[in-house]
Amino acid sequence: MQKEGLNDKDIIALVDCNNFYVSCERVFNPSLEGKPVAVLSNNDGCIVSRSNELKALKIPMGAPGFKYEGLIQKNGGVLLSSNYALYGDMSSRVMEVLNQFSPEVEIYSIDEAFLKLNDLPISNLEEYGRQIKHIVKKYTGIPVSVGISRSKTLAKIANHYAKHFAGYQGSLALMEADKIEKALKQTPVEEIWGIGRQYAKFLRQNKIETAWDLRNAPEDFILHYLTKVGYKTVLELQGYSCIDLEEAPSPKKSIVCSKSFSKQVSDLSELEEAISTYITRGAEKLRHQHSVAGFMMVFLNTNRFKEGPQYNNSTQTKLSVPTAYTPDLIKIGLELLRDVYLPGFEYKKAGVMFTDLIDEKDVPLNFLEPNYLDDKRKKLIDAIDKLNRVWGRDTVFFASSGIKKDWEMKRAKLSPFYTTRWQDLPKVK
């Protein structure tokens, strides 16, 4: 496998909020502690978050709430409707606290974030993880688990063991070869980040049953059968950090689009370009998985690691009609940005988060405001998506996203995409 130029020196932490929706409810209703608690999806449908006590009753994730309501109440538990405004705000608070622990925080979903710990003066990584856990709980009331390793995929595995084995006290660092080997041998292949059920079935048919087996699979097999992301997953299991969030498996509970700027940004027009760009990316992901969003959040952060005044804030709104139509989302997102923007500050990061995601087939009827799926807007956005798929990203783009984009993340030293982009294929003369 081609490893030249890959990085195996990163130190990456995954911070994952435990039973996030339930934990948010418990912050403001302590009487729920110790009881079986379930949070339901839209229209009080299926269970989307479970307390540990509910899991002990063997009630599966995604089960219809009405089917288990009697059992839950019999055991002193409760069913709760989802409160996405609360969850979005609590997520923003957790992410703000995490910014204290690393100059590079990548929000992966409403309840997960990756922290890059390179070059920080940390003598004991697991103790640092427990410090993160303690401070987040102290400042927000939300319990978290921390997994630390050389890549996002390994950090995910470390986080799984930190969460499920009390002896680790909520923090596990997989840095040494023997510890990594032991963890991978105990991790079923279907529990690897990004390996779906059907993919896992195929791997098991080829006698690849654990993460350790996949890590050491024959190179010919990997190159022939694995997708681009699957190929990178193997490299990540070997300790090479090479999966970007845009390539990562999409979270089903939410979609986040955010990156640090290449420079400090204070001008509102540049922030509007960034937010428009992030909304465009998020809406593309929504449509790709045939979803629409019911809530949208916009957030701004200054650089905590730079002297001077600091400002971190977010605001969110319920969308009157769940949608994935980019122009409508940009219009609403820019209104949210203007509400949260304060002049006089230099911003390092901005982003958007979409929550309350539902399948586009399940969008409720609204006689006062039709959904984009039912009129000519659907044909327009489908045509734009097709053009961008065929001719490359941003062949057709929205003017509010800007042209020069001086704020964008610097990638001046980026090498060509030799194996994944036709125009970058090596040319033989």
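The model is predicted, so local features need pLDDT of at least 70 and side-chain atom pairs count only at pLDDT 80 or more, while totals for chains, interfaces and linings use all residues. Residues are numbered from 1 along each chain as its sequence is written, and side-chain values use heavy atoms, with hydrogens and water left out.

**Cavities**

- The largest cavity has a volume of about 110 Å³, a volume being the space filled by probe spheres set on the points, which are joined across faces, edges and corners.
- Its lining comprises 13 residues, where lining residues have an atom within 4 Å of a point; Ser92, Met95, Ile107, Phe299 and Asn301 lie nearest the centre.
- Helix H4 (84-98), strand E10 (291-302) and strand E11 (312-323) each contribute at least two residues to this lining; helices (H or I, at least four residues) and strands (E, at least two) are DSSP runs, numbered from the N terminus.
- Six nonpolar, six polar and one charged residues make up the lining of the largest cavity, with Ala, Val, Leu, Ile, Met, Phe, Trp, Tyr, Cys and Pro counted as nonpolar, Asp, Glu, Lys and Arg as charged, and the others, Gly among them, as polar.
- The second largest cavity holds about 30 Å³ of space, and its lining has two nonpolar, three polar and three charged residues, including Arg281, Asp394 and Lys405.

**Aromatic pairs**

- The whole structure contains 19 aromatic pairs (rings of Phe, Tyr and Trp, the last by its six-membered ring, with centres within 6.5 Å; planes under 30 degrees apart are stacked, over 60 edge-to-face and the rest tilted).
- Phe202 and Phe221 are stacked, at 6.0 Å centre to centre and 10° between the planes.
- Because Phe202 lies in helix H8 (residues 197-205) and Phe221 in helix H10 (residues 219-225), this pair ties together parts 19 residues apart in sequence.
- Phe202 is partly exposed at 25% relative accessible area, whereas Phe221 is buried at 12% (buried is under 20%, exposed over 50%, partly exposed in between, with a 1.4 Å probe and protein chains only).
- Tyr311 and Tyr347 pair edge-to-face, at 6.2 Å centre to centre and 75° between the planes.
- Tyr311, in the loop between E10 and E11, is 36 residues apart from Tyr347 in strand E12 (residues 347-359).

Note on methods. 1 Å grid on protein atoms, 1.4 Å probe; cavity = no way out; pocket = protein on both sides within 12 Å on 5 of 7 lines; lining within 4 Å.
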